[in-house]
Amino acid sequence: MTTVQVELENRSYPIYIDRGAISQLPTVLKELGASGSVAICTDSNVGNLHGDAILSAVREAGVQPVMCMTPAGEQSKRFANVESFIGRFLKAGLDRSSIVVAFGGGVVGDMAAFSAAIYMRGIRFVQVPTTVVAQVDSSVGGKTGVNHALAKNIIGSFHQPSAVVVDLDFLSSLPPRELRAGLAEVIKHGIIADEALFAYMESNADKILAGDVEAMRYPVQRSCEIKAAVVAEDEREHGVRANLNYGHTFGHGVEAASKYTKFLHGEAIALGMRSAAALSRDLGLVDAAFEQRHNACLTQYELPESWPEMPIDAVIEAMRRDKKARAGKMKFVVADAMGHVVHRTDIEDSQVRSALEAIRGS
Ligand SMILES: NC(=O)c1ccc[n+]([C@@H]2O[C@H](COP(=O)([O-])OP(=O)(O)OC[C@H]3O[C@@H](n4cnc5c(N)ncnc54)[C@H](O)[C@@H]3O)[C@@H](O)[C@H]2O)c1
Ligand SMILES: [Zn+2]
């Protein structure tokens, strides 16, 4: 078992990573002093596939599990379903000392964490992530929330988990497209912070894409270490945490302009990273060989190379509306070496446009 610690003073917590790590959950719950009922928030897919594993782990802690299930999919990440979770908490008699377990991908993780953040002004929760996105990204860092009909992730709060239990074996049942989309975030971690991680992803694509869970151990662990370090330094995203948004300014524009239906998040981010690399080269921060290497790795993981029908104006408009654009100035994270990024707010409209043209690929 590997443990990565997220250092946040009195809100510090461990991330346990291993195959079969779910066996650690009873100990985690006991150490947190769980008693009475523990709520398990999950979605229909994860509940059907792995419900028994989580139920028995919670029972082994000597507490009563209360299942709170939501339909699978991003459309479930809305306030009405948070209210449903909270209704279940109330009926089960959860109090200020109770614990919620978020069991699933980022959708369930964000919703369950947000429910825990606002129930009785905040109760503790444990993340048990089951997708690549959740294991390498959303379960760590304490960003919680839901979507509004008018904007994604616009309702939320910071609420750090008490522990994260990453069981790599859950990845075996993940649909291949979900696996690949999640790997875009791992590749991103390599680009922003660690050339060795990027090189590992280049060298191990065959194993990883074939579903070799053991091959995921290093990238999941390194991703958690990188995210933990960034969050420890800048929990509320005043500075360095924005590094994690590499590819996201463009990617969020792509997601919104495609009405969140054409691409999975990681796929849109892969396109966004290609634009970020094109912009980095346009700015003279990296050379053509960097961009070629950067993009070849994304292609190895069968992530989208282009969006030929892309409505560039709609993408730019969505980028401007994105909550990360402050006072009309768009902020870009660009690479100046493999494993290192910088922030720029001085980008001309024409440069944004040509970075997007690089992924229209017509
Ligand atoms: N809080 C953060 O910092 C943060 C960071 C990144 C992403 N997010 C959020 O995360 C969400 C995306 O997360 P996601 O990609 O995990 O999506 P998801 O939670 O919708 O999961 C993807 C699909 O895989 C299924 N699934 C989950 N685990 C499975 C397993 N082990 N086997 C088989 N199927 C499984 C789910 O039911 C779902 O259908 C978005 O809402 C995004 O905004 C949050
Ligand atoms: Zn992302």
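Q: How many cavities of 30 Å³ or more does the count come to?
A: In this predicted model, a cavity is a space where a 1.4 Å probe fits but cannot get out, and by that rule the count comes to one cavity of 30 Å³ or more. The volume of the largest cavity is about 40 Å³.

Q: Which residues line the largest cavity?
A: The lining is made up of Asn-245, Gly-247, His-248, Thr-249, Phe-250, Ala-276, Phe-332 and Val-333, and these divide into four nonpolar and four polar residues, with no charged ones. Helix H10 (248-257) and strand E10 (332-337) each supply at least two residues of this lining, and H10 gives the most, with three.

Q: How many residues surround ligand 1, and which are the closest?
A: A residue is near a molecule if one of its heavy atoms lies within 4 Å of it, and here 26 residues surround ligand 1, with Asp-43, Glu-74, Thr-130, Thr-131 and Ser-173 as the closest. This shell divides into eight nonpolar, nine polar and nine charged residues. Among the elements that each supply at least two of its residues are helix H4 (106-118) and strand E8 (151-158), while H2 gives the most, with four.

Q: Which atoms of ligand 1 lie 2.8 Å, 3.1 Å and 3.0 Å from an atom of the protein?
A: An oxygen atom of ligand 1 is 2.8 Å from an N or O atom in the side chain of Glu-74, and an oxygen atom of the ligand lies 3.1 Å from a backbone N or O atom of Val-107. A nitrogen atom of ligand 1 lies 3.0 Å from a polar side-chain atom of Asp-110. Taken alone, ligand 1 exposes 870 Å², of which the protein buries 89%.

Key
Residues numbered from 1 in each chain as written. Chains lettered and ligands numbered in written order. Predicted model: local features only at pLDDT ≥ 70, side-chain atom pairs only at ≥ 80, totals over all residues. Heavy atoms only, no water. Polar contact = N/O pair within 3.5 Å; in protein donor to acceptor, adjacent residues only side chain to side chain. Areas by Shrake-Rupley, 256 points an atom, 1.4 Å probe, with all protein chains shown as cover. Nonpolar A, V, L, I, M, F, W, Y, C, P; charged D, E, K, R; others polar. 1 Å grid on protein atoms, 1.4 Å probe; cavity = no way out; pocket = protein on both sides within 12 Å on 5 of 7 lines; lining within 4 Å. Points joined across faces, edges and corners; volume = space filled by probe spheres on them.
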